[in-house]
Amino acid sequence: MHDAVAAVAVAGSAGSAVAADASDFVSATPRELFLAAGIGAMIACGVTSFFLAGHVSERTHVALAMLVVLIGGFCLFALFGMIGREIPVAGGLLFLGLIGLFKLMNQFEMRRDRTSRRKETSDE
Amino acid sequence: MTARSLYFVNWWVDTLIIGGLSIVAWLGLLAFYRSTNTQPIFWFAVVLSLFVNYPHFSATVYRLYQSPDNIRHFPITACGLPVILIAAVAASFWQPNIIAPYFVMLFLLWSPYHYSGQTIGLTMVYARRAGFPIGRWERMALSAFVFSAFVFGVIRFQRNGLTDFYGMSVPTFPLPDWIDAVVQAVMWTGAVVFAGVTFMWCLKHKRLVPPIVLLPALTHFVWFVPGAGLKSFWIVIPFFHSLQYLLIALIMQLRVRIGVAGGEHSWRRVGAEAKRWGSRNILGGILLFIGIPAAFSWLPLPVMTTAGILAAAVNIHHFFVDGVIWKLRDATTSSALMTNIAEFAAPAAGDFPRRQTVGA
């Protein structure tokens, strides 16, 4: 069945390399499809940021960039979340990475214009 | 510094809500309920959730979305983030055994981190009210203590096998053994440094730091260090976290609604506004945690799994919104957090100009 779908998908194309790609898509595992969706979401955030250039504040662009980090971080977490079972040190590093992610997300959509940055520095 | 301005309400209410009640609950459970059968506590916690936990999430949503100004100020948090979370929920529904456990695990690890942030925030607020300065080094020591306590708790929770969330099997997050020792070293160093700085301040100013300043950190310690060994206590920790939150959120709401030029200042108005806000948040909480899962009951998944995934999404959204709306560096937020509830009942003390209010 998969072969048949793949054959239809590549009917208009020539070359075995293309046929192999289509077959890979059809037989992709759920985890791979999830990763592909994550990459798509990251692209969408980047494209949104591009088209909003000049129309929104720097803070909004930074927030979009942070969404990319969040999506990428979650994709990696879903792929390697259990790595600590095999490599304990990697589990520790992953945990530290998660804390870093939480810390970063704590700065989400904060006012980051120059005036408030100067004020924040003096507050500290 | 008067007793009135140190507390949001008064000594009793602030002390009980900020930590006294949870410490008493921990002592009570330690003394009288060490059974591994946590079902009675669980059902008790479910009932409390309707009136405290769920409304605490609803209060955040309400605070963000009640004003178009807030949505304009935080467009990605208000509109972009929900889209991403809906996508994550859809992915979890699609693959409940591959994606959902990681989505839920992300929330379970993020949640105690979020509690730590609230502990730091509460300490900063009470320190400011008490006139106790927390500079860079003090804050670093306090953060070392609080965040290490959170990691200590996470390690204990994981080792004790916190694998069941809304009936969903969530894998434990594997951590190397040495992290335990490192975390304890950092936690106690932070505690000693912060205690030392506090002691020096007391000597210099010849007065004691009000205990309420230290209570949030002490409470956090009880939750995540000795409390982590008591399964029945884990279940009620979110209730106490939510209770802390609701006290502060209520004061902020009163500031928005009553603390404006021309607002009627009286206890009757305070009571009416608290009831209005409270009932809306109870309904909002029921909608978020019962209504929305019920709307997805047609999915070919156990209802509890659907509810668990949605609860994780609501929680993660809450973590973001909280970070946005409660920044102490924001002048309007920090000034509102210096008020006492009595100011909303006394016209002379509480007539704030409209431009200083948040989300009005």
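User: Helices (H or I, at least four residues) and strands (E, at least two) are DSSP runs, numbered from the N terminus. Which residue follows H6(B)?

Analyst: The model is predicted, so local features need pLDDT of at least 70 and side-chain atom pairs count only at pLDDT 80 or more, while totals for chains, interfaces and linings use all residues. Residues are numbered from 1 along each chain as its sequence is written, and chains are lettered from A and ligands numbered from 1 in the order in which they are written. The residue after H6(B) has a positive phi, near 75 degrees. That residue is B:Gly131.

User: How far apart are the end C-alpha atoms of H6(B)?

Analyst: The expected span of a helix is 1.5 Å times one less than its number of residues. H6(B) has 31 residues and should therefore span 45 Å. The model agrees with this, the end C-alpha atoms of H6(B) being apart by 45 Å.

User: How many residues of H6(B) are buried?

Analyst: A residue is buried if 20 or more other C-beta atoms lie within 10 Å of its own, exposed if 12 or fewer, and partly exposed in between, with C-beta atoms placed from the backbone. B:Ser111, which lies in helix H6 of chain B, counts as buried because it has 20 C-beta neighbours inside 10 Å. H6(B) is mostly covered, and of its 31 residues the number buried is 25.

User: With which residues is B:Phe103 in contact, leaving aside its neighbours within four places in sequence?

Analyst: Two residues are in contact if their C-beta atoms, placed from the backbone, lie within 7 Å. B:Phe103 is among the residues with the most contacts inside the largest nonpolar core. Beyond four places in sequence, its contacts are B:Ala88, B:Ser92, B:Ile309 and B:Ala312.

User: Which elements of chain B give two or more residues to the side that touches chain A?

Analyst: The contact takes 33 residues from chain A and 30 residues from chain B. On the side of chain B, 22 are nonpolar, five polar and three charged; Ala, Val, Leu, Ile, Met, Phe, Trp, Tyr, Cys and Pro count as nonpolar, Asp, Glu, Lys and Arg as charged, and the others, Gly among them, as polar. The elements that give two or more residues are helix H5 (75–94), H6 and helix H12 (303–325) of chain B.

User: How many residues of H12(B) are buried?

Analyst: H12(B) reaches 32 Å from its first C-alpha to its last, close to the 33 Å expected at 1.5 Å a residue. The helix is mostly covered, and of its 23 residues the number buried is 18.

User: What radius of gyration does chain B have?

Analyst: The radius of gyration is taken over C-alpha atoms, and the globule rule is 2.2 Å times the number of residues to the power 0.38. Chain B has 13 helices and two strands, and its C-alpha trace spans about 60 × 45 × 40 Å along the principal axes. For 360 residues a compact globule would be near 21 Å, which agrees with the value for chain B, 21 Å.

User: What share of the residues of chain A count as buried?

Analyst: Chain A has six helices and zero strands. In chain A, residues 24 or more positions apart account for 50% of the contacts with a separation of 6 or more. Of its 124 residues, the share that counts as buried is 19%.

User: Is A:Glu109 buried or exposed?

Analyst: Most residues other than glycine have a negative phi. A:Glu109 has a positive phi, near 50 degrees, and is found in the loop between helix H5 (88–105) and helix H6 (114–123) of chain A. Because 26 other C-beta atoms lie within 10 Å, A:Glu109 is buried.

User: Is B:Lys206 buried or exposed?

Analyst: The phi of B:Lys206 is positive, near 50 degrees. B:Lys206 is found in the loop between helix H8 (178–205) and helix H9 (211–224) of chain B. With 6 other C-beta atoms within 10 Å, B:Lys206 is exposed.

Key: Core = buried A, V, L, I, M, F, W, Y, C linked by C-beta atoms within 7 Å.
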